[in-house]
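Visitor: I'd like to go through this one with you and ask what stands behind the labels. Could you bring it up?

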Amino acid sequence: MSSSTRRSFLKLGLIGTITVAAAGGAYRLTREHSTMAAHPYKLDSNAKDALAAIALAFLAGILPTGANARSAAVQSSVSRIEAAIHGLPLAAQQEIADLFGLLTLAPTRRVLAGVSHDWPEASTADVAEFLQAWRNHRFQLMQSAYQALHALVFASWYANETTWTTIGYPGPRTLS
Amino acid sequence: MNPLNPAASATRFQIPDPIRVGLATGWKVTDASTLTANQTIEVDVVIIGTGAGGGVSAEILALAGLSVLMIEEGPLKSSSDFHMHEADAYPALYQESAARKTSDKAINILQGRCVGGSTTINWTSCFRTPEATLKHWQQHGLSGYGSAELQVWFELMERRLSVAPWRVAPNENNNLLQRGASKLGIPTGVMRRNVKGCWNLGYCGVGCPTNAKQSMLVTTVPSALNHGAQLLVRTRAERFNWRNDRIETLDCTALDQDGIQASGIRIRVRARHYIVAGGAINSPALLLRSQAPDPYDLLGKRTFLHPTVVCAARFKQEVNGFDGAPQSIYSDHFLQTQAVDGPIGYKLEVPPLHPILFATTMQGFGAVHAAMMKDFAHTHAMLALLRDGFSPQSIGGHVKLRADDSAELDYPISDFVWDGARRAMLTMADIQFAAGASSVHPVHEAATGYTSWSAARNAINALAYQPLRTRVVSAHVMGGCAIAEDEHHGVVAANGIHHQLQNLSVHDGSLFPTSVGANPQLSIYSIVAKLASEMATRLTGKPAPVPLAS
């Protein structure tokens, strides 16, 4: 992050940041970060790392137990999430781009999400704590971000037919 | 062996797709995403939206011999495309991938965006406009809409769409509502459904794969196309160009194949009469983009949702809420326990349980959410639809335009509505324990599972009813272009014609001055049948045609 951006972020302070973000686009910070998302929105590698860590925390308890199987399942979910974002209207895609911008910038990741490590190094317990904090946050902005992530992760997970046996769902009948 | 053709080899029996059949006969249907040059089209009537109101209007006006153009923002999808997979259906057939939300993100709205509109993805429940609703509208300045006047139109559309009481045994998810309510002395009823030869599968919400559901997609739209109407899909109506008291043209943009971005192609339509039938939220938004005259600041205001709260419950027996007709049992009892304009009443129903819908609705994550999902086959859910718009303390939401001119509904939930949410949660938990639930799970971020009625009751009363903390959903969008005789109270007159623009009509659920207090499709079909029939007579000088059952 450029030094001028860091100064403007720190000048705003946490309350100011939330006020600015709530007034303009949902999660947008300073003007330096208000580039319009390209369509179709592509998750960069930082965003994918954040999503993978978040998915691991959301899906704890339902993921396969083997490390390789778990990793593959999470990567598959991240791909589905990217495809799902493409199906959203442009205004919603922009909000998601802004949210990931916020989550992948180290200072805001630390201050707003309370996650001190880079996403691939963050423990599932730390990520779960961040999710729980946003779920119960004083600011509706953080609550709505939690809800958006919850919907993206669980929709992508249960879109995958291979997950249906774990929940006792036989799938649709064949019609013949 | 294929019983219809024993001589055929063992190939899978294909359910005939009436849309594919119709297209092969030469229907005038264009996917605007394939256009390479701008277009100008001139017709007698252009109808924006092919849902409940658009479909009914198109059929009647095409049968009357008028040249009709239907404009649809969504794609043309039909039974060959309906493989009963949520992940395909939500982005393809719904507004905003089934994730359309109010401004504060507190209410998730299910609304259709495809040929047939919300009727292609609804759960087939048919109710006439309740007497209490019609009386309220009458008291608030709308005459000619009493149950006596509307009866002929209800009957017409019930015949047209094969509306009949569901005579197959309700699935267990519905039975639990009936059984629990009965134990508590709460009356329930069996719903009527717009289905013909239903296979009792339960996938109405992702597109009926057998064409049993009598949606606009397989009834009025094909009929209109058979009678010479044109259909343009993946076409977004942007704005009307109007002068003094008349609309001159309608400007539309073609969308890309993905249905998200404009392709750059523009379509201009000129017509004798323009019908807006995009549904609530969309129709007011179109008029806002057009800067339509709105001298009394009514446009987009008083938009209602039947805000719905949810309570899940686990049972020892299998419930399999994904199997069987999604909605067959209801209770109107709590609409009748107080005056229509008193404390907010609610209608009880159940939703179908499908993996994505259920997983994204249930609160929480990690081990708790996983435990709930692993018990999916033993899970029941109940809905309470709050009847908004009748009390002065329930003024609904208002439609506004985002920076990119897209539509957004701002619906702040008042304490009056939250009080109803709390009372409805108590009712649902009570019924679920009476039905034998082993645990009850109100869908609220601060709620868990409760194994006794007293624990549930205390918890539900202690919950903070706030946006985002309480899960609120909506499958019924109503109002925003209210119908009223006096222009001070309505965007359109009793005949559906805009008070300030004489060649513009609104024919959809945005007409309603309040919420309906019942699943709205039959109200929309019937009232629009009346309006479109009157329009046919006005435009042709002849008696209006009577559509017959498919």
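Visitor: What makes β6(B) and β9(B) a pair?
Guide: Two strands pair if DSSP finds at least two bridges between them. Between β6(B) and strand β9 (residues 192–194) of chain B there are 2 bridges, so they count as paired, and they run antiparallel. Cys126(B), for one, stands opposite Arg192(B) in β9(B). Strands here are DSSP E runs of at least two residues, helices are H or I runs of at least four, and both are numbered from the N terminus. Bear in mind that this is a predicted model, where local features need pLDDT of at least 70, side-chain atom pairs need 80 or more, and totals for chains, interfaces and linings use all residues. Residues are numbered from 1 along each chain as written, chains are lettered from A and ligands numbered from 1 in the order written, and side-chain values use heavy atoms, leaving out hydrogens and water.

Visitor: Why are β6 and β7 of chain B called edge strands?
Guide: The open sheet has 3 strands in the order β6-β9-β7 (chain B), with antiparallel pairing. β6 (125–126) and β7 (163–165) each pair on one side only.

Visitor: Which strands of chain B does β10(B) run parallel to?
Guide: Strand β1 (residues 28–31) is joined to β10 (residues 230–233) by 4 bridges, in parallel, and Val29(B) has Leu231(B) as its bridge partner. Strand β3 (residues 68–71) is joined to β10(B) by 3 bridges, also in parallel; there Leu69(B) stands opposite Gln230(B).

Visitor: How do you know what span to expect of α14(B)?
Guide: The expected span is 1.5 Å times one less than the number of residues. Helix α14 (residues 521–540) of chain B has 20 residues and reaches 28 Å from first C-alpha to last, close to the 28 Å expected. After α14(B) comes Gly541(B), with a positive phi near 75 degrees.

Visitor: Why is α14(B) described as largely enclosed?
Guide: Because 15 of its 20 residues are buried. Buried means under 20% relative accessible area, exposed over 50%, and partly exposed in between (1.4 Å probe, protein chains only).

Visitor: Why does Gly490(B) count as buried?
Guide: Its relative accessible area is 2%, which falls under the 20% limit, so Gly490(B) is buried. Gly490(B) lies in the loop between β23 (478–479) and β24 (504–506) of chain B. Leaving aside residues up to four places away in sequence, Gly490(B) touches Leu298(B), Ala482(B), Ala484(B) and His499(B), a contact being heavy atoms within 4.5 Å.

Visitor: And what is chain A made of?
Guide: Chain A has 7 helices and 0 strands. Of its 176 residues, 45% count as buried.

Visitor: How much area do chains B and A bury between them?
Guide: About 3,700 Å², 62% of it on carbon and sulfur atoms. Buried area is the accessible area (1.4 Å probe) that two parts lose on being put together, summed over both. Ile260(B), Phe365(B) and Leu468(B) supply 19% of what chain B buries against chain A, more than any other three residues. In contact terms, 46 residues of chain B meet 42 residues of chain A.

Visitor: What makes Asp323(B) and Arg173(A) a salt bridge?
Guide: The rule asks for a side-chain nitrogen of Lys or Arg within 4 Å of a carboxyl oxygen of Asp or Glu. Asp323(B) and Arg173(A) come to 3.3 Å, N to O, so the pair qualifies.
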